[in-house]
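Subject: Structure handover

Hello,

Please find the structure below, followed by notes on what was found in it.

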Amino acid sequence: MIDLAIVGAGPAGLSAAISAAENGLKVTIIDEFVKPGGRLLGQLHEEPDGKWVNGITEAEKLFKRATQLGVTIKCGVSVYDLVQLDNGWCLYTTGSIIKTKSLLLATGASETAIPIPGWTLPGVMSVGAAQVMGNVHRVKPGENGMIIGVNVLSVAIARELQLCGVNIKGIILPQPSLISGDASNPEKNMESLLRLAHLAPSPLIRFGGKLVNPKLGARLYPKNGFKMWGIPIQLRKTAIEILGDTQVDGVRIADITATGEIVPGTEKVVPVDFVCIAGGLQPLSELAAVAGCSFKHIPQLGGHIPLHNERMQTNLKGLYVAGNITGVESAKVAMAQGKVAGLSIAAERKTLSNRMNHQIQEAIENVKETRRKALIQFQPGIEDSRTQLYNNFNKFSEVKVSI
């Protein structure tokens, strides 16, 4: 039986493995992808200070450090079941059965699909799939594309696709439906866009983003949108249908009002050879549900979150979570959470010393600071939502003790 098994070799999982191994634990990581790094592998962006962040390089650094510490990393292996034991956990994988004293789920997040007429045509993909094609496999998804869905992820990846030599003809909204929800509402999307104003190459847009009221901004938003890096972001246009016989050859779009109603007589077809659908991210928490974790629904964190505390410990003995399974945030926050989880698990496996307790508290404060300095906030109110979640965990623990 090993000391710690980690499901997920992304930024959270690798960081947790490093901090746990540095404290003497025997660690194994399992990941279904063919190489470690998780979402880091697809990331390539420029910071406001002009420094470029290459996710592949960052992943290689974490991988090298983990292997130096003796961490076993098994890629191309899926976990399909897990069972709690008297003294740990048993993982059933496509490679073998693994028994471990402690278990960390760092499974990340998945993309939410928004059904649109024509979305099953070849050439239609999620925006994350296009990111992986371009940044990981070095294959352009097409020459001319359109992104349906205006959010933090779609704007960031549009820029990355542009750097791959792809022409993005526009980022527009999906049609209103039960599934698209706020994703089709110009006013709600204006709020999301204003959280990205600080990344805009234009000083005017950066300054204006601090002053604009979302409702007023949606009403005054120009019909043809604003451009960031030359990419039109169009909150007053919606995708009605993706067109093509054997593959994508265009998108039928129309103008919409500030509240999302289609303006009659404004339909037109934009020729493209691929389409990305950006419906946002939600925590990938199926394994936590199989394990029997308690959950809390928090929209600001992306949906249903396994109940856990600041030490990343769930309500089940020996089971921890870190990264986007705990709520959708940046890779830097995931790495900081991974360090907390690794230290917390090392403390559980040993006698808790004052020194280690101090290290854990420092790591927790680093998570908070990293969150405050995050270049991109996926949702407003993340910090308050975290506090609410941890308070719920503490109340839940008190009830269990009293029972």
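Two strands count as paired if DSSP finds at least two bridges between them. Helices (H or I, at least four residues) and strands (E, at least two) are DSSP runs, numbered from the N terminus.

This is a predicted model, in which local features need pLDDT of at least 70 and side-chain atom pairs count only at pLDDT 80 or more, while totals for chains, interfaces and linings use all residues. Residues are numbered from 1 along each chain as its sequence is written, and side-chain values use heavy atoms, with hydrogens and water left out.

Strand 1 (residues 2–7) pairs with strand 2 (residues 27–31) in the parallel sense through four bridges, and Ala5 stands opposite Thr28 of strand 2. Between these two strands the chain passes through helix 1, and the β-α-β crossover is right-handed (with the strands pointing away from the viewer, the path from the first strand over the helix to the second runs clockwise).

Strand 1 also runs parallel to strand 8 (residues 97–105), joined to it by five bridges; there, Leu4 has Ser102 as its bridge partner.

Regards
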